[in-house]
Every structure is written in structure tokens, then in C-alpha cells.
Amino acid sequence: MKSRFLIPVAFAGLLTACASTTPTYYTLQASNAAPAAAAPSTQVWKGFQLRRMDVPAQLDRRSFVLTQTAGGQVNLLNDSQWASPLPDEMSLALASGLQDRLGVPQLASAAAKTPLWQIDVLVQRFESVYGERATLELSWTLTPLGFEGKTQQCRWLDTEPASSVPELVQAHRQLQQRWADALAAQMQGKPVPVNLGKAMLCVS
């Protein structure tokens, strides 16, 4: 590989291995999710609809994308792939995470006029820096449909240290779970835990 930037030996070895190994597939979904909590009987809304999950075009793929801090280069690892394209992985992880935390289902549409929260997500960064960290930066709009509530617009920026590809995957799963914790608390009208609130900024 020709480059005007120097690549650390470990990283260069990783790229070399990509050309000849069988792909390893990863998922963002939690492997040992706790049993779903029961929704309060007095709760007005009965579910949620994840309407949009938009990600940057360079991330809309199954190959794992690594970023180098020097020079802003990105590398596609064909031997390390998501089980489905990244937008689908993020959608599945968020939907299952919210169902586990809220005890209500994701609804396919609002056609039945069931009171629900509608969620639209725009991902700015889903970054994996080899040997350093995973970063998740996104914004979302939370809209009440069929019940009284405030539309809220929020931004999330969170990082988790990680080194190898498996560690980066685990770091992204942790970031995804923390975001689901914060979003679930927001939907329930509960205070967002202090350690999560630092990553979150909302207006309504």
C-alpha cells in the first residue's frame, strides 16, 4: 500500500491480513440483554417508531471502517464486517435496546393511531480510530404522536477507549447501550443519569 503517511507496524500487519482471511462478522446488538421491563399501566404512549437512521455515505456499508489520526485516512477492512449494513445494525441495536428498557414494542407505522414516540436519527460520526478510541456523535428528534408531549431535539457525543478491532466493536456496543439508556430515560420523562447527561444536549 502506497501512502505519504507512515503506518504503525501493527496497523500495517492488520491491513495485510485483510487480503487473505475469512471475514469475521460483528453485531452492535447486546448479547445478554436483561428481560424487558414491564411498562407502567398508566403510561399513555404504547410504543415507538424508529422512522429514520441516516449515516454518512462512507459508513453505509458492512465493511469495518478504520480511521487513522495522521492525515485523516480511512481503511475498509473486508475481513472485519458488520452482520448487516451499519444503518441496519444501529437500528436493530437501538430498537432492541429500547424494547428491553421500556417494555413496549417498536411499531411499524402510526397508521393505527396508537400513541407512540417517533424517532429520527442523523449520525454525524461513527468513528473507529485504531489503537485509540471509538466515537459516536449523532442527533435525533423525538416526536410524540397521538398524545400530549413536547418534541425534543438532542445531540449526543461520547467516546470509549479501545485498541484492537474486537475492542473497538465492544466499545461501539457500549456507546450504543449508553445512548439507549439516555434515550429511554428521556422517553419516560425521567432524569438522564449524570454520567450520561454529560454526553447529551437537548432543546424542546
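Where is the place of serine 84? Serine 84 sits in the loop between E4 and H2, where helices (H or I, at least four residues) and strands (E, at least two) are DSSP runs numbered from the N terminus. This is a predicted model, in which local features need pLDDT of at least 70 and side-chain atom pairs count only at pLDDT 80 or more, while totals for chains, interfaces and linings use all residues. Residues are numbered from 1 along each chain as its sequence is written, and side-chain values use heavy atoms, with hydrogens and water left out.

**Serine 84**
- Serine 84 is buried, with a relative accessible area of 14%; buried means under 20% relative accessible area, exposed over 50%, and partly exposed in between (1.4 Å probe, protein chains only).
- Not counting residues up to four places away in sequence, serine 84 touches Arg62, Glu89 and Leu92, contact being heavy atoms within 4.5 Å.

**Aromatic pairs**
- The structure holds five aromatic pairs, where rings of Phe, Tyr and Trp (its six-membered ring) pair if their centres lie within 6.5 Å, and planes under 30 degrees apart count as stacked, over 60 as edge-to-face and the rest as tilted.
- The ring centres of tryptophan 45 and tryptophan 117 are 6.5 Å apart with their planes at 70°, so this pair is edge-to-face.
- Tryptophan 45 belongs to the loop between strand E1 (24-26) and strand E2 (47-54), and tryptophan 117 to strand E5 (residues 116-129), so the pair ties together parts that are 72 residues apart in sequence.
- Tryptophan 117 also pairs with phenylalanine 147, their centres being 5.1 Å apart and their planes at 85°, so this pair too is edge-to-face.
- Both tryptophan 117 and phenylalanine 147 are buried, and ring pairs link Trp45, Trp117 and Phe147 into a cluster.

- Leaving aside neighbours within four places in sequence, methionine 187 is in contact with residues including Trp45, Trp117 and Leu142.
- After H3 comes glycine 189, whose phi is positive, near 75°.
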